[in-house]
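Subject: Structure handover

Hello,

Here is the structure for your files. My notes on it follow below.

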Amino acid sequence: MGAPVVSIDGPSGSGKGTVSRAVAQRVGWHLLDSGALYRLVALSGIEHKLDPQDVEGHARLAGSMQVRFGTESERERVLLDGQDVTGAIRTEELGQGASRVAAWPAVRSALLERQRAFAEAPGLIADGRDMGTVVFPGAPLKIFLTASAEERARRRYNQLKEKGSGASLSALSREIAERDARDSSRAVAPLVPAADAALIDSTDLTIDAVVERVIELGRRRSLWA
């Protein structure tokens, strides 16, 4: 690794994206949202009119995308080939598409070195599902952030309501359960905590409380002041 890395892994809806962005802002480090990369692969496949099962085509797109993650404000910002696609990739359709392409070894292989290249000075906050187990196994600090399935479904429901999107809480609960099962049982890089990860259950915690826990763990490891 070219710089120190803090990996923050966990299931969908655990809050890891918001926490990762907040920590990156606090300490002035770079940010990698690996889940967004898989959503971007799925989006690129749609834009290029690929067959949803075209593994090689999606792998080629994964290797050629130009991606940047903004940390200039509290709002998420994802740029693909210079275009802001933040809103476009946060649909339920793209979430399911990301879970599908993430199970393909060819796509994961195409993205592996690209993800590692994000580790630049002064450091990287890497958000995903296999950051601490596969992409950055030598990271000096690994976090596994989780929450109950019910709480994660509620959070997603509230997010969609705020955006004016219709959603069914029961349907979201089913989708999260299905995605958890798919992500945890896939043959390549399943969603599991690294053996040396610090486990944080965010079910009853605020975002600020989780961020403070991560900041304190980083201080103990002398990653920042």
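Are Trp-29 and Trp-224 buried or exposed? Trp-29 is buried, and Trp-224 is buried too, where buried means under 20% relative accessible area, exposed over 50% and partly exposed in between, with a 1.4 Å probe and protein chains only.

This is a predicted model, in which local features need pLDDT of at least 70 and side-chain atom pairs count only at pLDDT 80 or more, while totals for chains, interfaces and linings use all residues. Residues are numbered from 1 along each chain as its sequence is written, and side-chain values use heavy atoms, with hydrogens and water left out.

Aromatic pairs

The structure holds 2 aromatic pairs. Rings of Phe, Tyr and Trp (its six-membered ring) pair if their centres lie within 6.5 Å; planes under 30 degrees apart count as stacked, over 60 as edge-to-face and the rest as tilted. The ring centres of Trp-29 and Trp-224 are 5.1 Å apart and the planes stand at 75°, so this pair is edge-to-face. It links distant parts of the chain, 195 residues apart: Trp-29 is in the loop between α1 (16-27) and β2 (30-33), and Trp-224 is in the segment after α9 (207-220). Helices (H or I, at least four residues) and strands (E, at least two) are DSSP runs, numbered from the N terminus.

Phe-69 and Phe-118 form a tilted aromatic pair, with 5.8 Å centre to centre and 40° between the planes. This pair also links distant parts of the chain, with Phe-69 in strand β3 (residues 67-70) and Phe-118 in the loop between α5 (105-116) and β6 (124-128), 49 residues apart. Phe-69 counts as buried because its relative accessibility is 9%.

Core

The largest nonpolar core has 53 residues. Such a core is a set of buried Ala, Val, Leu, Ile, Met, Phe, Trp, Tyr and Cys residues joined through side-chain atoms within 4.5 Å. Phe-69 and Trp-224 are among the residues with the most contacts inside it, as are Leu-32, Leu-40, Ile-125 and Phe-136. Helix α2 gives the largest share of this core, 7 residues.

Helix packing

Helix α2 (residues 34-47) packs against helix α3 (residues 55-64) at an angle of about 115°, and their axes are 9 Å apart. Axes are lines fitted to C-alpha atoms, for helices over the stretch in contact, and angles run from 0 to 180 degrees between N-to-C directions. Val-41, Ser-44 and Gly-45 of α2 make the contact with His-58, Leu-61 and Ala-62 of α3, contact meaning heavy atoms within 4.5 Å.

Gln-115

Gln-115 lies in helix α5. With a relative accessible area of 1%, Gln-115 is buried. Leaving aside residues up to four places away in sequence, Gln-115 touches Leu-32, Ser-34, Leu-37, Tyr-38, Met-131, Val-135 and Phe-136.

Backbone

The peptide bond from Ala-121 to Pro-122 is cis, with omega near 5°, and Pro-122 lies in the loop between α5 and β6. Lys-49 is not a glycine, although its phi is positive at about 55°. Lys-49 sits in the loop between α2 and α3 and counts as exposed at 74% relative accessibility. Asp-81, another residue other than glycine, has a positive phi near 50° and lies in the loop between β4 (77-80) and β5 (83-84).

Regards
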